[in-house]
Amino acid sequence: MTRILKVSLIYFGIVFGIGFILGMIRVPFIVPALGERTAEIIELPFMLGAVYFAARWITYRYGLWSDLTVAFAIGTLS
């Protein structure tokens, strides 16, 4: 159980950090020019890419391809 929690926190930290950085760009620069909804739609592909690559890196780094129930638990906790 400790492994699942540790990997889940790492995954959360990566995705949250990227979202925080993108938010620091989106809010002061893109929102005033284009509006909130348009800025969020522009940010969406970058966040989806961050989620995909973070999940892929986590599964390779911690060897989760062999145990999909653990990978599902990590995704659920994050």
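Q: How many aromatic pairs turn up in this predicted model?
A: The count comes to two.

Q: What makes Phe 12 and Phe 16 a stacked pair?
A: The ring centres are 5.5 Å apart, with 20° between the planes. The cut-off for pairing is 6.5 Å, and planes under 30 degrees apart count as stacked, so Phe 12 and Phe 16 pass on both counts.

Q: Where do Phe 12 and Phe 16 sit relative to each other in helix α1?
A: They're four residues apart in helix α1, so about one helical turn separates them.

Q: Why is Phe 12 called partly exposed, and what puts Phe 16 in the exposed class?
A: Phe 12 has a relative accessible area of 44%, while Phe 16 has 51%. Exposed means over 50%, and partly exposed runs from there down to the 20% limit for buried. So Phe 12 is partly exposed and Phe 16 is exposed.

Q: Why is the pair of Tyr 52 and Phe 53 called edge-to-face?
A: Their ring centres lie 5.1 Å apart, and the planes stand at 75°. Edge-to-face needs over 60 degrees, so that's the label for Tyr 52 and Phe 53.

Q: What makes α1 and α2 roughly antiparallel?
A: They pack at an angle of about 160°, with their axes 9 Å apart. Anything over 145 degrees counts as roughly antiparallel, so α1 and α2 get that name. Their crossing is right-handed. By class, the contact of α1 with α2 has 20 nonpolar, three polar and four charged residues.

Q: Why is Arg 26 called buried?
A: Arg 26, which has its place in helix α1, is at 17% relative accessibility. Buried means under 20%, so this arginine counts as buried.

Q: Which residues does Arg 26 contact, leaving aside neighbours within four places in sequence?
A: Arg 26 is in contact with Val 31, Ala 39, Glu 40 and Glu 43.

Q: Why is Ile 42 partly exposed?
A: Ile 42, found in helix α2 (residues 36–61), has a relative accessible area of 35%. That lands between the 20% and 50% limits, so Ile 42 is partly exposed. Leaving aside neighbours within four places in sequence, Ile 42 is in contact with Ile 30 and Leu 34.

Q: How far apart are Ile 42 and Ala 54 in space?
A: They're 20 Å apart, C-alpha to C-alpha, and twelve residues apart in sequence.

Q: Which residues meet where α1 and α3 come together?
A: Ile 4, Val 7 and Ser 8 in α1 meet Val 70, Ala 73, Ile 74 and Leu 77 in α3. By class, the contact of α1 with α3 has six nonpolar, one polar and no charged residues.

Technical notes: Residues are numbered from 1 along each chain as its sequence is written. This is a predicted model: local features need pLDDT of at least 70, side-chain atom pairs count only at pLDDT 80 or more; totals for chains, interfaces and linings use all residues. Side-chain values use heavy atoms; hydrogens and water are left out. Contact means heavy atoms within 4.5 Å. Helices (H or I, at least four residues) and strands (E, at least two) are DSSP runs, numbered from the N terminus. Ala, Val, Leu, Ile, Met, Phe, Trp, Tyr, Cys and Pro count as nonpolar, Asp, Glu, Lys and Arg as charged, and the others, Gly among them, as polar. Rings of Phe, Tyr and Trp (its six-membered ring) pair if their centres lie within 6.5 Å; planes under 30 degrees apart count as stacked, over 60 as edge-to-face and the rest as tilted. Buried means under 20% relative accessible area, exposed over 50%, partly exposed in between (1.4 Å probe, protein chains only). Axes are lines fitted to C-alpha atoms, for helices over the stretch in contact, and angles run from 0 to 180 degrees between N-to-C directions. Angles under 35 degrees count as roughly parallel, over 145 as roughly antiparallel, 65 to 115 as roughly perpendicular and the rest as oblique. A crossing is left-handed if the near helix is turned anticlockwise from the far one by less than a right angle, and right-handed if clockwise.
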